[in-house]
Amino acid sequence: MSIERVKAYFHQYGIEERIKELDTSSATVELAAAALCCEPKRIAKTLSFMVDGHAVLVVAAGDAKVDNHKYKEQFGTKAKMLSPEETVTLVGHAVGGVCPFAVNEGAEVYLDLSLKRFETVFPACGSSNSAIELTIPELEQYAKFIEWIDVCKGY
């Protein structure tokens, strides 16, 4: 199970006990915000795209939308979301639990600037009913990201 993989990943840092396994679904921004009793914008959603045959993950604020023009400028191609099957194969997590932790080799992680306005955010942890509250510096440390990017709008 994907959440077990994330727990094992966080175990090396001694923070696996901070993962919240929820009684209800956190598969969407709205469901996660309700389950965690926080504002939807503080949910750090992980969006999965196909770029040059590999997975690109963009972690963005729950209220942000991908701006197609900015995305194309950043990645040199039109935004193409991964199918649920491609997501499992290329990322290692199923839709609803996709996160930037313990991803498959070759999957690239980027953090969107929409997250920088928060002290803490809530990314998923590999299942459709899990999350962890992280500070932005912690997110940077544990996500093993390539760089901060600006590909979103509407926040």
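This is a friendly dialogue on how to read some features of a predicted model.

Reader: What should I know before I start?

Author: This is a predicted model, with residues numbered from 1 along each chain as its sequence is written. Local features need pLDDT of at least 70, side-chain atom pairs count only at pLDDT 80 or more, totals for chains, interfaces and linings use all residues, and side-chain values use heavy atoms, with hydrogens and water left out.

Reader: Let's begin with a helix. Which residues of H1 are buried?

Author: Two terms come in here. Helices (H or I, at least four residues) and strands (E, at least two) are DSSP runs, numbered from the N terminus. Buried means under 20% relative accessible area, exposed over 50%, and partly exposed in between, with a 1.4 Å probe and protein chains only. In H1, the buried residues are Ser 2, Ile 3, Val 6, Tyr 9 and Phe 10. Seen down the axis of H1, they fall within an arc of 115 degrees (taken from the directions from the helix axis to the C-beta atoms), so they line one face of the helix.

Reader: What do the buried residues of H1 pack against?

Author: They pack against E1, E7 and H5, where contact means heavy atoms within 4.5 Å. Take Phe 10: leaving aside neighbours within four places in sequence, Phe 10 touches Ile 15, Glu 16, Ile 19, Phe 101, Cys 125, Ile 132 and Tyr 142.

Reader: Which residues are buried in H2, and which are exposed on the other side?

Author: H2 spans residues 29-36, and Val 29, Ala 32, Ala 33 and Leu 36 are its buried residues. They sit on the same side of H2, because they cover an arc of only 100 degrees around the axis. Glu 30 and Ala 34 are exposed on the other side of H2. The cover over the buried residues includes strands E1 (20-21), E2 (43-51), E6 (120-123) and E7 (130-131). Just after H2 comes Cys 37, with a positive phi of about 55 degrees.

Reader: How many residues does the largest nonpolar core have?

Author: A nonpolar core is a set of buried Ala, Val, Leu, Ile, Met, Phe, Trp, Tyr and Cys residues joined through side-chain atoms within 4.5 Å. The largest here has 46 residues, and those with the most contacts inside it are Val 6, Phe 10, Phe 75, Phe 101, Leu 115, Ile 132 and Leu 139. Among the elements that each supply at least two residues of this core are H1 (2-11), H3 (68-75) and H5 (136-143). E3 gives the most, with 7 residues. A second, separate core of 9 residues includes Ala 32, Ala 33, Ile 43 and Ala 131.

Reader: Could we look at one residue of E3?

Author: Val 59 lies in strand E3, and Val 59 counts as buried because its relative accessibility is 0%. Val 59 and Ala 44 are 15 residues apart in sequence, yet 6.0 Å apart in space, C-alpha to C-alpha. Leaving aside neighbours within four places in sequence, the contacts of Val 59 include Ala 44, Lys 45, Thr 46 and Leu 115.

Reader: Where does Ser 26 lie, and is Ser 26 buried or exposed?

Author: Ser 26 lies in the loop between E1 and H2 and is buried, with a relative accessible area of 7%. Its polar contacts are pairs of N or O atoms within 3.5 Å; within protein, one must be able to donate a hydrogen and the other to accept it, and residues adjacent in sequence count only if both atoms are side-chain atoms. The side chain of Ser 26 reaches the backbone nitrogen of Asn 129 at 3.5 Å. A polar atom of that side chain also lies 3.2 Å from the backbone nitrogen of Ser 130.
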